[in-house]
Amino acid sequence: MADLMTGTEEPLELRLERYRTELTGYCYRMLGSVFEAEDAVQETMVRAWRGHQGFEGRAALRSWLYRIATNVCLDALNGRNNRARPMDLAGPSTVATASGAQLSEVFWIGPAPDGRVLPETGDPAEVAAQRESVRLAFVSVLQRLAPRQRAVLILREVLGWKAAEVAELLGVTVASVNSALQRARAVLAADATASRPAPALDDDHRALLARYVTAFEAYDMDGLAALLHEDVTLNMPPYEMWLQGRGEIREWMLGPGCGCRGSRLVPVDANGSPAFGQYRPSPDGGHEPWALIVLEVSAGRITGLTNFLDTDTVFPLFGLPPRLDA
């Protein structure tokens, strides 16, 4: 692309930088961690910088970057365990049977700030599809797919690439791409949670979130339970346990979770979903970080709550303050 002011070609670093957000979104879907995704994109940029002289004129820059990013992600996924959510590993606990067992962070799908993985502008339908495809439930299903199936589903269904384009990127046949896509679609269709459509960002949705904040900060658990779907889930990485059902969650919040009474919530955007930084009361009258809460919402009810408790890592990622003063 020529620089209109000077007539010279635009610097390569600016051309590459233009694709950073969408590549981070792609790598996040592939890897399940925004930190790993950003590392993968940085490696992609380094490889592109080193190889650009051999690239010029052979293919569109965007396609070439996606080829590099795909190879970086496939290398990263080679021989390692997939990331997951607690619901992917075992059945639900009850308040009576819940334990404090923790698994290593490496197992868990992490949250992603919308601004790191989603475009700010674009065709409304495409932006909506992008939001859907970074929801935690959707990313969770992606992690169950074989890495190449994962890449095929993202490139075809999320990014709208043609089968021939994906085949060329992966170095396989169109028939192989179509077969992988069919198998991936079957896995996705079998997961009712991932298939639920996210609500439009309308007045009803905003009112639901306002009622949630009011009920939580007042610690009105009857009011909060009324906002939950009957099959709602609560999980709290790095804890292995998870709960299902509004009755179990209400009992948890009034029992083991009662330390959340008096909390304050600060809204953020995560994974194309509403989210809040939760601060619990501290002895000095202020509030200390406790969790990043990401909500799943469908059909006017909250269907899932994920509480990420690693606030030392997560809160700076979302630009949340280290504490709230009295």
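This is a predicted model: local features need pLDDT of at least 70, side-chain atom pairs count only at pLDDT 80 or more; totals for chains, interfaces and linings use all residues.
# Notebook: helix packing, sheet and cores

Residues are numbered from 1 along each chain as its sequence is written, and side-chain values use heavy atoms, with hydrogens and water left out.

**H4 and H8.** I noted an angle of about 150° between H4 and H8 (residues 147-158), with the axes 10 Å apart. Axes are lines fitted to C-alpha atoms, for helices over the stretch in contact, and angles run from 0 to 180 degrees between N-to-C directions. From H4, I listed Tyr66, Thr70, Leu74 and Leu77 in the contact (heavy atoms within 4.5 Å); from H8, I listed Pro147, Arg148, Arg150, Ala151 and Leu155. By type, I have six nonpolar residues, one polar and two charged (Asp, Glu, Lys and Arg are charged; Ala, Val, Leu, Ile, Met, Phe, Trp, Tyr, Cys and Pro are nonpolar; the others, Gly among them, are polar). Helices (H or I, at least four residues) and strands (E, at least two) are DSSP runs, numbered from the N terminus.

**The cores.** I turned next to the largest nonpolar core, which has 67 residues; Tyr26, Tyr28, Met30 and Leu292 touch the most other members. H4 (residues 61-77) gives the most to this core, with 10 residues. Another core, of 30 residues, lies apart from it and includes Phe216, Met221, Leu243 and Ala291. A core here is a set of buried Ala, Val, Leu, Ile, Met, Phe, Trp, Tyr and Cys residues joined through side-chain atoms within 4.5 Å. For Leu292, beyond four places in sequence, I found contacts including Pro111, Val268, Phe276, Phe308 and Leu320.

**The sheet.** I read an open sheet of six strands in the order S2-S1-S6-S5-S4-S3, with mixed pairing (two strands pair if DSSP finds at least two bridges between them). S2 (242-244) and S3 are the edge strands; each has a single partner strand, so one side of each has no neighbour in the sheet. Neighbouring strands are turned by 20° against each other on average, direction ignored. I noted that H12 (residues 203-218) packs on the sheet and touches S3, S4, S5 (287-298) and S6, its direction making about 145° with that of S5. H14 (residues 246-254) lies across S1, S2 and S6, at about 50° to S1.

I then checked two strand pairs. S3 (residues 264-270) and S4 (residues 273-281) run antiparallel and are joined by seven bridges; Asp269 is bridged to Pro274 in S4. The two strands form a hairpin with two residues between them, and Asn271 in the turn has a positive phi of about 55°. S1 (residues 228-235) and S6 (residues 301-308) run parallel with four bridges, and Asn235 has Thr306 as its bridge partner in S6.

**Two single residues.** I placed Tyr212 in H12. Its relative accessibility is 0%, so Tyr212 counts as buried (under 20% relative accessible area; exposed is over 50%, partly exposed in between; 1.4 Å probe, protein chains only). Beyond four places in sequence, I listed Leu224, Leu265, Phe276 and Ile293 among the residues in contact with Tyr212.

I found Asp191 in the loop between H10 (174-189) and H11 (192-195). Asp191 counts as buried because its relative accessibility is 13%. Leaving aside neighbours within four places in sequence, I noted Val141 and Arg144 in contact with Asp191. Asp191 and Phe138 are 53 residues apart in sequence and 9.0 Å apart in space, C-alpha to C-alpha.
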